[in-house]
Amino acid sequence: MTSGAVDAAAGGGEATGGLEARLQSGASPRVRRVVGLVDTDSFAKWGAHLLATAPAHWQLELLTVATPRSASRAQLRSAFRGLDPRLGHLAAAPPEPLDVDAIVERLREDPPDAVLVSLIGPVAELVIDEVHRRVPRRPVLVTGLPGISFPAKWKGIFFRARADLFVLHSHREVRAYEELATAGGVAPHFALATLPFARPDAGRAAAAAGRRPPVRDSVVFAAQPSVPADRADRARIVGWLADTARRHPEWRVVIKVRAGAGEHQTHREQDPYPDLVPADAPPNLVVESGPMADHLDRAVALVTVSSTAVLEAAARGVPALTLTDFGIGRHLINEVFVDSGLEGDAVDLVDGRFGTVRPEWMHDNHFHPESENDWADRTETLMARRDDGSLVDRPAARRSRGGVLRRAWERKNALGPDDRSALGRVALVIGEPVRALKRLGRQVRGLVRPTEAPVLLAPTSQRVSGAGLSERLRDREQELVPGRDAR
């Protein structure tokens, strides 16, 4: 069943076109108030830029949720660059973080029509649950994942099952999540939106403002906090970048990081790239932060393992390279790039050989026409159901809630020191020993039955054709149980 069919069947109302059908000819759509909630750097960027693509009759507001990994003000200013006039002020004055209770109370006192829950998994689950329990005539709850979300991840669904709509960014992702949700007993609720950073108009602000575009003189490496995870592999990448800088002194080779010292990211980073740059690195190998859009304005090419930035580059026509030296596999988040034309290796990087996107790959993978997006229309339909009292609550994927104490534990687990409740402290005292025992049990099971190493496809490069990779990937996927890693 398609997402639209499930949406219509579950709510008992009209499907995507229902709202438009009720409007009289020439009537203006009703003004809607929509509030976005964000926390980490990547969720802040995604949530703000998705809202900036919303229909003009939506009045937008953005709030930052206080969590242990909330983005810093500098990260928020970077994330909020390039927004539309409704949110453009945020780049200069990011909202101060508010605790969950303060945000839920604000939603209770003055409920908006809809809330975009752009939060890391456990916090998203907590906020969605709090809104269901504490906000009468609750707003429509829309959620989603930033960046590349293929292969589908069960915990992405698990934490967000009670939201009314779950936004993804390619036809391939929607299919994968529908299959995984159905297999897990969760009714699909997925909608399609163009990834905000991969829109066809990305990067045209300077031209529109009449500014002279900067000189393209940089090869930009988009760093990721957890891919690859091994310190030795990350050091190898730095070595390849240093070799590239030596081979091409006319280029700036930029290690573009997403967080400075003391700043948090959506995923924890054990070995930051700046710490791995050798003392004898060439002077044209530099470490910089700031908005990716600014770096792409100067980019000769973009290099990464699997960062969403490669899609931003492709949208701008900037050549790119996804390094496959560590293989192609689920834990590297690079299976989506098989047959994209962007796969390469360290030899390609040092030689200055980069790829361009193959047209036949694009439609199913993030570059579909914007006319195929349905997230805003389906949100409108859900808001209309809220108006007439027919909005149906979706069940949680978590089957055993465990009552008040279990909710307190989940809250403490999501918010850490930002939860200052007495019940949270009690739950922590009881829950920590239980968690320690479970962790010990997993370690013992690991010794008795070691975890199988990730299955990888062989590296590929720009020097050889990638023909046949997609067939090998499909064959392997039939043998694998879908991954359960959190997002």
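## Salt bridges in the model

A salt bridge is a side-chain nitrogen of Lys or Arg within 4 Å of a carboxyl oxygen of Asp or Glu. The whole structure holds 34 salt bridges.

This is a predicted model, in which local features need pLDDT of at least 70 and side-chain atom pairs count only at pLDDT 80 or more, while totals for chains, interfaces and linings use all residues. Residues are numbered from 1 along each chain as its sequence is written, and side-chain values use heavy atoms, with hydrogens and water left out.

## E96 and R73

E96 pairs with R73 in a salt bridge whose closest N and O atoms are 2.8 Å apart. The two residues are 23 apart in the chain, with R73 in helix 4 (73-79) and E96 in the loop between that helix and helix 5 (100-109). Helices (H or I, at least four residues) and strands (E, at least two) are DSSP runs, numbered from the N terminus.

R73 has a relative accessible area of 34% and is partly exposed (buried is under 20%, exposed over 50%, partly exposed in between; 1.4 Å probe, protein chains only).

## D164 and R138

A salt bridge of 2.8 Å, N to O, joins D164 and R138. D164 lies in the loop between helix 7 (154-159) and strand 5 (165-168), and R138 in the loop between helix 6 (121-134) and strand 4 (140-144). D164 is buried at 4%, and R138 is buried at 7%.

## R175 and D364

R175 and D364 form a salt bridge, with closest N and O atoms 2.7 Å apart. This pair spans 189 residues, from helix 8 (residues 171-183) to the loop between helix 14 (359-362) and helix 15 (375-388). R175 is partly exposed at 40%, as is D364 at 22%.

R30, R32, D113, R137, E380, R386 and D387 belong to one network, joined by salt bridges that share partners.
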